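Subject: A structure for you to explore

Hi there,

Here is the structure I promised to pass on. Have a look at it first, and then read on for what I found.

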Amino acid sequence: MQCWTYFLQAISLAILLQTTSGQKIVLTNDDGWAVAQIRAQRDSLVAVGFDVVLSAPAENKSGTGSSSATPQPLSQPCEFNTCPTGSPAEGFNASDTRLNYVNSFPVDSVRFGIQTLAPQFFGSAPDFIVSGPNVGNNLGTVTQNSGTVGAACEAAKEGLPSTAFSAATASQVSYTTLTSSPSSGVTKSALIYAELTTNFTRTLLASAARPVLPAGVTLNVNYAATTFTSSGTANGDCASASDFKWVFTRLLKSSTAVDVEDCGSTRLPDEGTVVGSGCFASVTVMNATSKSDVSASVQAQVLQRLQPSGLLTCFTG
């Protein structure tokens, strides 16, 4: 029986790797190229077979929305002293050239990943842009100022499918904590959010049907808080990726909007209410230019892509 279990696990892994193998991802954020969450995310995507290039700001650029400026040489060290003063405007990790920084805003970082790094490493455009997970949620009107959301919107405006991911209890700490404090609540949370993001990305890209998303939109995904003490002890129900339930949502609460029909209603729950109600992950379709809710017909195109996977659940809170 044990041998049969191992055989089935091996088959499942082979199918997973075949599904993701060769799919090209540009990974970005607004918290910086050396923050623990983005490095955990990179490792998680690579582990299941995605081809990943990281292109993120040299420093924490949270709250910069869709700002843009020409990258400049470093006038101070990169975050967590990961590159020295005087480093070039764009640079990379000497031991892994797929880890790249851009000394400017998130929009400029993802643009560099799409226009420069993707041709260099992939020989083509990326298949998908993962922005985040962000350190902290980006819900409702907060999306207007989020650099993580801004980067995902920029990718969509360049014609590429993208999603912004944001996590309630992610932390602005160095990637070195992943190995120096592997049992801490910070590390366990980073790994859970990375797993959730990888699972969602794999689900969204599983179908060969194209386009992945309607033109001019991005997705805004938010994760509720994990439940760990600082020492890493589970202290509640949100202590593993499997504890989270996915809900299709809208950006802002509305008593008059008519949304796509889901769970027997034409009024989707708003993402803030959902994420604040327990172990939930919200999925909102957002206009990439206005960063606002979209029509029911556009919502329907995304819902139809996700429904066959069985990922989504009904929210009754």
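Two residues count as being in contact when they have heavy atoms within 4.5 Å of each other. Keep in mind that this is a predicted model. Of the contacts in the chain with a separation of 6 or more, 74% are between residues 24 or more positions apart.

Now the overall picture. The chain has 8 helices and 9 strands. For 317 residues, a compact globule would have a radius of gyration near 20 Å, and the chain agrees with this because its value is 19 Å. Buried residues make up 53% of the chain.

Which residues touch the most other members of the largest nonpolar core? They are Phe200, Tyr223 and Trp246, in a core of 56 residues. Helix α6 (residues 185–205) gives the most to this core, with 6 residues. Beyond its neighbours within four places in sequence, Phe200 is in contact with residues including Phe165, Leu219, Trp246 and Leu311. Apart from this core lies another one, of 14 residues, with Ile114, Leu117, Phe121 and Phe122 among them.

Helix α3 deserves a look too. It covers residues 106–121 and bends by about 35° at Gly113. Gly113 is also one of the buried residues of α3, as are Ile114, Leu117 and Phe121. The cover over the buried residues of α3 includes the strands β1, β2, β3, β4 and β5, along with helix α4. After α3 comes Gly123, which has a positive phi, near 75°.

Enjoy exploring!

Best wishes

Definitions and conventions. Residues are numbered from 1 along each chain as its sequence is written. This is a predicted model: local features need pLDDT of at least 70, side-chain atom pairs count only at pLDDT 80 or more; totals for chains, interfaces and linings use all residues. Side-chain values use heavy atoms; hydrogens and water are left out. The bend at a residue is the angle between axes fitted to the seven residues ending there and the seven starting there. Helices (H or I, at least four residues) and strands (E, at least two) are DSSP runs, numbered from the N terminus. Buried means under 20% relative accessible area, exposed over 50%, partly exposed in between (1.4 Å probe, protein chains only). A nonpolar core is a set of buried Ala, Val, Leu, Ile, Met, Phe, Trp, Tyr and Cys residues joined through side-chain atoms within 4.5 Å. The radius of gyration is taken over C-alpha atoms; the globule rule is 2.2 Å times the number of residues to the power 0.38.
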